Amino acid sequence: MSLLIKSGEIVTASERYAADIFCENETITRIGRRITPPRGAVVIDAKGKFVFPGFIDPHVHIYLPFMGTFAKDTYETASRAALVGGTTTLIEMCCPSRKEDALEGFELWMSKAAGKSACDFTFHMGVTKFDGAAEKQLREIVRRGISSFKIFLAYKGAFGVDDGELYRTLKLAKELGVIVTAHCENETLIAERQAELLAAGKTDSAQHHESRPPAVEAEGVHHLMSFAEATGAETYIVHLSCREALDQAIAARQRGVRVSIETLIQYLTLDKSFAARSKFEGAKYVMSPPLRDKGNQAILWNGLRDGLIQTVATDHCPFDFKAQKVMGKNDFTKIPNGIPALEDRVNLLYTYGVKAGKIDLHTFVNCASTRAAKTFDLFPRKGTIQIGADADLVVFDPKYRGKISARTQQTNVDYNAFEGWKIEGRPAAVTVRGQVAVRDGKFIGKIGHGKFLARKPAHF
Ligand code: URP
Ligand code: ZN
Ligand code: ZN
């Protein structure tokens, strides 16, 4: 099947120009003016619209046993959500518990995805324990096409590693040329503060922030940076939320530590007052690190604009409000952490970033697609529009006006943290390797079309 995207304005991380795009055999084969389609080609009229490379969400949870429950999405619901929102590739965190083997975990996560996704996918391999057996298995997992690890400095006993394991994981990553993504918070400080707050009768959702203030995250970043400096490993800080943590990462970068920084659309648009909403509404906004003081938003937007922060992800964590968040009604430490946003990331970033004048179109494409492709060994197959790249394209209508609502979403959750928020622009058409997956907000793709993207550590 061939596909022609006609008369659109192509925008990549570095270029902006008017042209047609012709795709065959899943890839872009021609870019030029007035391309005549062969008989039978699918033609999409992109006049008056932008054409972006397919967006990449580098931090997603779909299958996730966590805090005594399971995240709600499946690959079917999550990939539909991703595509309707313009995300054509997602990177899921493969998170076996400390009790499970890494290889068994990898195979389990793969079995949840293979043949069940409409968009392309790959994994960051969670290293939740490190011993001789784990090391052997991690080497095998890298051979099977995984070039990034994930470690947690928080959640000890579940996913968290100790300092010896952290050191050895980073050494192995350095040897293999694997990049290590990391959740940075000091677990001991969290545990102490949680116990103090609960003992004082402070149990509501607003206390989540008090148990994990910026210093807790900044210490986690400093900790990781010290270990990265000692080992020379390449690192990627996931979900950075505040100035104090950013300062630590930038200071490390200035002394030569190899570190990329991810923030989330939630930190750019929401603040801690949401998590303090009454009648337990605040639970919808509990995630870790927590939503911060509003003043941090300008720091994060400026960080994106100035290139200090590289990517915008979601840490999509689909837990229902009624049956799951409610587990923490009388104890904020039991509220399953996370705010789903896979479906809304691109539209929010465009509306509240580009349209609001905080970032330009090229920064938008870079931090929502290109940079993740480069960092995680997917570029130039993904993350740009050029001959030979996969035909993952987003025809984006900047004139669309609408509102976000849980009633119309694809993701399998009973609420949306952005309920009623205005959106200015959305994908009019989305393609995955040349197959049309979305038209005018409707999913028309095929479950099972999504492929596992095997990666090699190319950036070493
Ligand atoms: O609140 C969050 N971020 N929950 C999901 C687990 C994680 O930290 O990635
Ligand atoms: Zn995390
Ligand atoms: Zn996460």
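This is a predicted model: local features need pLDDT of at least 70, side-chain atom pairs count only at pLDDT 80 or more; totals for chains, interfaces and linings use all residues.

Me: OK, zooming out. What's the strand order in the open sheet?
Reply: Eight strands, ordered β6-β9-β10-β11-β12-β13-β14-β15, with parallel pairing. β6 (55-60) and β15 (311-313) stand at the edges. Each of those two has a single partner strand, so one side of each is left without a neighbour in the sheet.

Me: By how many degrees are neighbouring strands turned against each other?
Reply: 30 degrees on average, if you ignore direction.

Me: Which helix lies across β6, β9 and β15?
Reply: Helix α12, residues 345-354, running at about 115 degrees to β6.

Me: Switching to the metals. Which residues are the protein donors of the zinc ion (ligand 2)?
Reply: His183, through ND1, and His239, through NE2, lying 2.1 Å from the zinc ion (ligand 2). They come from distant parts of the chain, 56 residues apart. His183 is in strand β12 (residues 179-183), while His239 is in the loop between β13 and α8.

Me: Are those two buried or exposed?
Reply: Buried. His183 has a relative accessibility of 1%, and His239 also has a relative accessible area of 1%. They count as buried because the cut-off is under 20%.

Me: Why is the arrangement around the zinc ion (ligand 2) irregular?
Reply: Because its four donor atoms subtend angles of 55 to 141 degrees. To count as tetrahedral, four donors need all angles between 85 and 135 degrees.

Me: What about the zinc ion (ligand 3), which protein donors does that have?
Reply: His59 (NE2), His61 (NE2) and Asp315 (OD), lying 2.0 to 2.2 Å from the zinc ion (ligand 3). Its site is irregular too, with angles of 85 to 141 degrees among the four donor atoms. In sequence, the donor residues are spaced H-x1-H-x253-D.

Me: Where in the chain are His61 and Asp315?
Reply: His61 is in the loop between β6 and β7, and Asp315 is in the loop between β15 and α12. That pair is 254 residues apart, and both residues are buried.

Me: How many Å separate the two zinc ions?
Reply: 3.7 Å, going from ligand 2 to ligand 3.

Me: I clicked on Lys150. Where is that, and is the residue buried or exposed?
Reply: Lys150 lies in strand β11 and is buried, with a relative accessible area of 1%. Leaving out residues up to four places away in sequence, Lys150 touches several residues, including His59, His124, Thr181 and His183.

Me: How many residues sit between β17 and β18?
Reply: Two, and the strands form a hairpin. Arg433 in that turn has a positive phi of about 45 degrees.

Me: Why is β17 largely enclosed?
Reply: Because eight of its eleven residues are buried.

Me: Last one: what does the side chain of Asp20 reach?
Reply: The backbone nitrogen of Ile35, at 2.9 Å. Asp20 is found in strand β2 (residues 16-24) and is buried, with a relative accessible area of 3%. Beyond its neighbours within four places in sequence, its contacts include Leu4, Ser7, Arg30 and Arg33.

Methods: Residues are numbered from 1 along each chain as its sequence is written. Chains are lettered from A and ligands numbered from 1 in the order in which they are written. Side-chain values use heavy atoms; hydrogens and water are left out. Donors are N, O and S atoms within 2.8 Å of the metal (3.2 Å for Na, K and Ca); water is not among the atoms, so sites may look incomplete. Four donors count as tetrahedral if all angles lie between 85 and 135 degrees; four count as square planar and six as octahedral if opposite donors are over 155 degrees apart and all others between 65 and 115; anything else is irregular. Helices (H or I, at least four residues) and strands (E, at least two) are DSSP runs, numbered from the N terminus. Buried means under 20% relative accessible area, exposed over 50%, partly exposed in between (1.4 Å probe, protein chains only). Two strands pair if DSSP finds at least two bridges between them. Axes are lines fitted to C-alpha atoms, for helices over the stretch in contact, and angles run from 0 to 180 degrees between N-to-C directions. Contact means heavy atoms within 4.5 Å. A polar contact is a pair of N or O atoms within 3.5 Å; within protein, one must be able to donate a hydrogen and the other to accept it, and residues adjacent in sequence count only if both atoms are side-chain atoms.
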